[in-house]
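Here is a short tour of one protein model, meant to be read with the structure open beside you. We will look at a pocket, then a helix, then a loop residue.

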Amino acid sequence: MGVLIPAVLPVLPGQTDRVRNFQKELEPHRQEWERLNKEATITRYNVYLQETPMGDLAIHEMEADDPTKIRNQFTDSACDNWWLDYLRDVHGIDMRRLSVEEQPTPPPAVFTWPEG
């Protein structure tokens, strides 16, 4: 089992259907998505939708064998542009305007079971 990397992101008003349809929206970029995940040693990527009285949340969960291989620089490819637009439009995170130091990082684990 690799390293599990979770991210819980707010869903902006009116964007819940985009989270529900993540797989369909990804399809035009599937080939590059697969290649990038393979290069990054990502073995699993899940998206969950949690509806709450305070607003909807998207839970993105990935597992990577070697998280250091996940790239933090984006290109001008169709897949990268789609992903950056998705993060901005759906979650309000504009990665194009953030420096590498400002980019979100995985939350620290505060409890793990089973231990070890």
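## The largest pocket

In this predicted model, the largest pocket has a volume of about 960 Å³. Its lining is made up of 30 residues, and those closest to the centre are Met62, Ile70, Arg71, Phe74 and Trp83. Several elements give two or more residues each to this lining: the strands β1 (3-10), β2 (42-50) and β3 (57-64), together with the helices α3 (30-39) and α4 (78-91).

What classes of residue line the largest pocket? The lining has 22 nonpolar residues, along with six polar and two charged ones.

An α-helix has 3.6 residues a turn, so residues three or four places apart point the same way.

After α3 comes Thr41, which has a positive phi, near 60°.

## His29 in the loop

Between α2 and α3 runs a loop, and His29 sits in it. Is His29 buried or exposed? His29 has a relative accessible area of 14%, so this residue counts as buried, the cut-off being under 20%. Setting aside neighbours within four places in sequence, His29 is in contact with Ala78, Cys79 and Trp82.

How values were computed: Residues numbered from 1 in each chain as written. Predicted model: local features only at pLDDT ≥ 70, side-chain atom pairs only at ≥ 80, totals over all residues. Heavy atoms only, no water. 1 Å grid on protein atoms, 1.4 Å probe; cavity = no way out; pocket = protein on both sides within 12 Å on 5 of 7 lines; lining within 4 Å. Points joined across faces, edges and corners; volume = space filled by probe spheres on them. Helix = DSSP H or I, 4+ residues; strand = E, 2+ residues; numbered from the N terminus. Nonpolar A, V, L, I, M, F, W, Y, C, P; charged D, E, K, R; others polar. Buried < 20%, exposed > 50% of the residue type's maximum accessible area, 1.4 Å probe, protein only. Contact = heavy atoms within 4.5 Å.
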